[in-house]
Amino acid sequence: MGTRHIRRASMAATAVTVTTAAVAALLTTAPTATAATTTLNPVADTYVQDTTPSTNYGTSSQFTVDNSPVRHSFLKFTVSGLTEAVSSATLRIRVTSSGNSSNGGTWKSMTDTTWSETGVTWNNKPIIDGATVASLGSVANDQWVEIDVTSVVTGNGTFSFGGTSTSTNGAYYDSRESGADAPQLVINTGTAPSPTPTTSSPPSSGDPVLVGAGDIANCGVGGDEKTANLLDGITGTVMAVGDNAYPDGTASDFTNCYNPSWGRHKARTRPVTGNHEYHTSGASGHFNYFGASAGAPGKGYYSFDLGNWHVVALNSNCSQVSCAAGSAQEQWLRSDLAASTKPCTVAYWHHPRYTSGSSHGPNTSVTPLYQALYDNNAEVIVTGHNHQYERFAPMNATGGLDNTRGIRQFVAGMGGAGMYGFGTIQTGSQVRNNNTWGVLKLTLHAGSYDWQFVPEAGKTFTDSGTTACH
């Protein structure tokens, strides 16, 4: 990458600080805990560049890792005042508004903590000589990257980290001079209550559970681990609602990004494809990873039963597998629904018919699928695509509220990828959130269903309710 103008990012940070009070609010049966969270900004951060060997960049509002020209970055934190043992430490750095890269860099600890932000240059740069704490894949604009540094930050002291890259497509991060977007070292100390979602969910009724989200695993973002931790404590069938492995749904993306988190629930997962899966021809990475659980390659739509419910998984990539009235998928759907003997029906796919998201608008291509479900008195549709949570009132297929036969649609794109904003609020939108990762839990009773948004540990947003089947 050639010389690039370094500029200040303008977007506000979306930092998350997990406090004892927030955790206690999440856990209805939380034990007494002596835990604390400390969030620190760096005392120094900078980068150096081989083509300008005597230049100091300590006052820049960004730091960068690159290989053309070669750029190394350095961060230093001073930790003091801790009185309890460190239970976890996380380095958080924010990609600038134009800093995306296919390679976020290799980050290591450093033994040298004496370097000065305003004094270091390429000619006198400190050695990046410690253990590797992260080898980042793709990173996206305006997203926080989280790096586990618990093995390095073990107590009070001064700690340095260095970043390098072998890629010519450099990644750019906001420095401490950017203000609210400055890097963070988040340290948890003491003994915190285990954030298992079973204590934040209603007692199990014994009825089947369908739980999940879309827009899940990106190696440069840590949200998928937070939502996978929620799944650890929720029994039932997992729905992965598309864009499951960023950026391209390749075999490598599934192996390196999805498998370490949601992959531990693979045996009980029934997935659908998102648009990112089709960045790989035929979504072959998706179908090869999930096997028969994903439906037939070339189709990606299928159905199954859970208790008194019929569950339909559809392919909303309508340019790949047609969604049009009379298409093979739409005809299959109508036949499948007609053959079902179950009184209640839920469907899920990736692209939402209704959404207030600013990144992707309402998708009319899926209207024939929605209409077929409406004609057969379905109750619920779960989608993703916009990275946020939104619940709609019961709607028909053409944009109207319908409390008699309407289907309630959820946008559940909060599985772990960086969050999106909201734009024009659409008719029927009842609840919205775009600062909390989580999963949507549907408890499927004999003649009704409960919905519950289960939030990541440390966050308090939730949404729940009950509705009878038609």
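## Basis

In this predicted model, local features need pLDDT of at least 70 and side-chain atom pairs pLDDT 80 or more, while totals for chains, interfaces and linings use all residues. Residues are numbered from 1 along each chain as its sequence is written, and side-chain values use heavy atoms, without hydrogens or water.

## Overall make-up

The protein has six helices and 24 strands. Helices (H or I, at least four residues) and strands (E, at least two) are DSSP runs, numbered from the N terminus. Of the 470 residues, 55% are buried; buried means under 20% relative accessible area, exposed over 50%, partly exposed in between (1.4 Å probe, protein chains only).

Contacts are heavy atoms within 4.5 Å. Among contacts between residues at least 6 apart in sequence, 78% join residues at least 24 apart.

## The seven-stranded sheet

An open sheet of seven strands runs in the order β15-β16-β17-β18-β20-β19-β21, with mixed pairing. Its edge strands, β15 (302-306) and β21 (429-433), each pair on one side only. Two strands pair if DSSP finds at least two bridges between them. Neighbouring strands are turned by 15° against each other on average, direction ignored. Axes are lines fitted to C-alpha atoms, for helices over the stretch in contact; angles run from 0 to 180 degrees between N-to-C directions.

Helix α5 (residues 328-339) packs on this sheet. The helix touches β15, β16 (309-313) and β17 (344-348), and its direction makes about 170° with that of β16. Elsewhere in the sheet, β19 (residues 389-392) and β20 (residues 408-412) run antiparallel, joined by three bridges. Tyr 389 has Ala 412 in β20 as its bridge partner.

## Aromatic pairs

The count is 23 aromatic pairs. Rings of Phe, Tyr and Trp (its six-membered ring) pair if their centres lie within 6.5 Å; planes under 30 degrees apart are stacked, over 60 edge-to-face, the rest tilted. Phe 74 and Trp 115 have ring centres 5.9 Å apart and planes at 55°, so this pair is tilted. Phe 74 is in β4 (residues 70-79); Trp 115 is in the loop between β6 (105-110) and β7 (132-136), 41 residues apart. Phe 74 counts as buried at 0% relative accessibility, and Trp 115 at 5%.

Tyr 258 and Tyr 289 are edge-to-face, with 5.6 Å between centres and 80° between planes. Tyr 258 belongs to helix α3 (residues 251-258) and Tyr 289 to helix α4 (residues 284-290). Both tyrosines are buried. Ring pairs also link Trp 309, Tyr 389, Phe 410, Tyr 449, Trp 451, Phe 453 and Phe 461 into a cluster.
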